Amino acid sequence: HYSFFPNRPRWPRQRSQLTYAYSPDNPLSDAVRGVFSRSFERWSEVTPLTFSETTSYSRADIRIGFYIGDHGDGEPFDGVLGTLAHAFAPTVGRLHLDGDENWIIDGDFLNSSPYSAVDLESVAVHEIGHLLGLGHSSVEEAIMYPTISSGTRRVELSNDDIMGVQELY
Ligand code: TQI
Ligand code: ZN
Ligand code: ZN
């Protein structure tokens, strides 16, 4: 079953058209842009929310970036595996990915290493769930289930994810 953050934070009704931008510190490939665009789409299909990319990083509701180790928000990344990414509850809008992971993007190994590789889209869909206010789910098929095996792809929202997000929006 799905869960929420304490006090159930959500994006307010007046902020249903959300913008996102990538950190100017790491220029991103079109492949990564495509991964996020599809991941946002999965959540917008089942909610009144829309997500559009903006070039103004400072004004974006949601800020996405890859970081390595200590990156200044008190939640340092830890190298390969362990923590893969983190996102904060509404309305912080921070989505960070561990730049040390061997990310799989569109089936390609970004660091050309198949070892301990993690599918970026699966993690993106999960972290967007957190950005929208979902906590973890006890349902194994759910995107919001708190573990995923290396190399696994899990990108389709389950009924549990949909019921959770539709209770918020
Ligand atoms: N990162 C954790 C996560 O996003 C960070 C975290 C732990 C967290 N507890 C939380 C975030 C409570 C919000 C609320 O779950 S992670 C997975 C999964 C991680 C794990 O790196 O462990 C995914 C990131 F579910 F597959 F294990 C993405 Cl998809
Ligand atoms: Zn961070
Ligand atoms: Zn999580």
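**View 1. Polar contacts of ligand 1.** An oxygen atom of ligand 1 is placed 2.7 Å from an N or O atom in the side chain of E127. For H130, a polar side-chain atom is found 3.4 Å from an oxygen atom of ligand 1. Polar contacts are pairs of N or O atoms within 3.5 Å. The protein covers 75% of the 570 Å² of accessible area that ligand 1 has on its own (Shrake-Rupley method, 1.4 Å probe). The model is predicted: local features need pLDDT of at least 70 and side-chain atom pairs pLDDT 80 or more, whereas totals for chains, interfaces and linings use all residues. Residues are numbered from 1 along each chain as its sequence is written, chains are lettered from A and ligands numbered from 1 in the order in which they are written, and side-chain values use heavy atoms, without hydrogens and water.

View 2. Helices are DSSP runs of H or I with at least four residues, and strands are runs of E with at least two.

**View 3. The loop that holds T91.** T91 belongs to the loop between β4 (85-87) and β5 (94-98). The peptide bond between P90 and T91 is cis, with omega about 0°. Most peptide bonds are trans.

**View 4. The loop that holds L81.** L81 lies in the loop between β3 (62-67) and β4. The phi of L81 is near 60°, a positive value in a residue other than glycine. Most residues other than glycine have a negative phi.

**View 5. The protein chain as the setting of these views.** The protein chain contains three helices and eight strands. Their order from the N terminus is β-α-β-β-β-β-β-β-β-α-α. The C-alpha atoms fill a box of roughly 40 × 35 × 30 Å along the principal axes.

How values were computed. A polar contact is a pair of N or O atoms within 3.5 Å; within protein, one must be able to donate a hydrogen and the other to accept it, and residues adjacent in sequence count only if both atoms are side-chain atoms.
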